[in-house]
Amino acid sequence: MERFEAKINHEPSLKTQKVMLILQIILRILGFAFCLGSFWRIMTSKQVLFLGFDARYTYSPSMKFFAYANIIGCASSLVSLFLVLICCYKKYLDSNKYFFYFFLHDLSVLGLLVAGSAAATSIGYVGKYGQKNSGWNQICTFVTKFCHRVSISLTLSYIAITFYLCLTIISANQSRQIIK
């Protein structure tokens, strides 16, 4: 006996492609804005106490890495936004092979932002709560303004990570049609 199988066309409609394109553009703009906000907040976070003690992000290699990761994420968001707009204008988005490159780009930026945020979060945790076994005291009781600014910067960066996670999922979903 022969099997009769219905051939199902899994090609997305033109309306779905437009919605996904608009969603990508919005998410890339938001990713740029939140990475820029996080970078700006960490760059302006410093506090000087009257005793001569000051707290700056440049004193910690993890915080420097966090700042650099955010500015690279910001620049990458601009480049990818520019490329998406060019592909949209030139109608290259009909070819699914370009989505694979966007997937790789989004995945690498996501990894960089996660690594930078994780490094800054670990140092921030030690700064807020200390580590008694290692002899590290908490400093956030003395430099509350600095710690508050770093916390805001980390929050903005984690929101940007969420946007890039969504972009990675969208790009992966659209690039899976290459295999067919």
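Modeller: Let us begin with Val143, which is in contact (heavy atoms within 4.5 Å) with Gln47, Leu49, Phe53 and Ala55, once residues up to four places away in sequence are set aside. The model is predicted, so local features need pLDDT of at least 70 and side-chain atom pairs pLDDT 80 or more, while totals for chains, interfaces and linings use all residues. Numbering starts from 1 along each chain as its sequence is written, and side-chain values use heavy atoms, without hydrogens or water.

Biologist: Which residues touch the most other members of the largest nonpolar core?

Modeller: Val143 is one of them, together with Ile42, Met63, Phe146 and Val150, in a core of 15 residues. Helix H1 (14-43), helix H2 (61-90) and H4 each contribute at least two residues to this core. H4 gives the largest share, with four residues. Such a core is a set of buried Ala, Val, Leu, Ile, Met, Phe, Trp, Tyr and Cys residues joined through side-chain atoms within 4.5 Å. Buried means under 20% relative accessible area, exposed over 50% and partly exposed in between (1.4 Å probe, protein chains only).

Biologist: And which residues does the second core include?

Modeller: Cys74, Val109, Leu110 and Ile170 are among the 13 residues of that second, separate core. In soluble globular proteins, nonpolar side chains tend to be buried together.

Biologist: Stepping back, how many helices and strands are there in the chain?

Modeller: The chain has four helices and two strands, in the order α-β-β-α-α-α from the N terminus. These are DSSP runs, helices (H or I) of at least four residues and strands (E) of at least two, numbered from the N terminus.

Biologist: What share of the chain is buried?

Modeller: Of the 180 residues in the chain, 36% are buried. As for contacts between residues at least 6 apart in sequence, 81% of them join residues at least 24 apart.

Biologist: Take Ser38, then. Buried or exposed?

Modeller: Ser38 counts as buried because its relative accessibility is 0%. Ser38 belongs to helix H1. Beyond neighbours within four places in sequence, Ser38 is in contact with Phe66, Asn70, Ser153, Leu156 and Ser157.

Biologist: What about Lys18, buried or exposed?

Modeller: Lys18 also has its place in helix H1, but Lys18 is exposed because its relative accessible area is 51%. Between Lys18 and Cys88, 70 residues apart in sequence, the C-alpha to C-alpha distance is 9.5 Å.

Biologist: Changing topic: which residues lie nearest the centre of the largest pocket?

Modeller: Met63, Ile123, Gly124, Gly127 and Ile139 do, out of 24 lining residues. On a 1 Å grid over the protein atoms alone, a pocket is an open set of points with protein on both sides within 12 Å along at least five of seven lines, where a 1.4 Å probe fits; lining residues have an atom within 4 Å of a point.

Biologist: Which elements supply at least two residues of that lining?

Modeller: Strand S2 (54-56), helix H3 (97-129) and helix H4 (144-175) each do. H3 provides the largest share, eight residues. Met63, one of the residues nearest the centre of this pocket, is also one of those that touch the most other members of the largest nonpolar core.

Biologist: Where is Gly124 placed?

Modeller: Gly124 is in helix H3. Its relative accessible area is 25%, so Gly124 is partly exposed.

Biologist: Where is Cys140, and which residues does it touch?

Modeller: Cys140 sits in the loop between H3 and H4. With residues up to four places away left out, Cys140 touches Gly127, Lys128 and Cys147. Cys140 is buried because its relative accessible area is 14%. Gly130, 10 residues apart from Cys140 in sequence, is 9.1 Å apart from it in space, C-alpha to C-alpha.

Biologist: Last one: how far apart are Asn173 and Phe100? What is the accessible area of Asn173?

Modeller: Asn173 and Phe100 are 9.4 Å apart in space, C-alpha to C-alpha, and 73 residues apart in sequence. Asn173 lies in helix H4 and is partly exposed because its relative accessible area is 31%.
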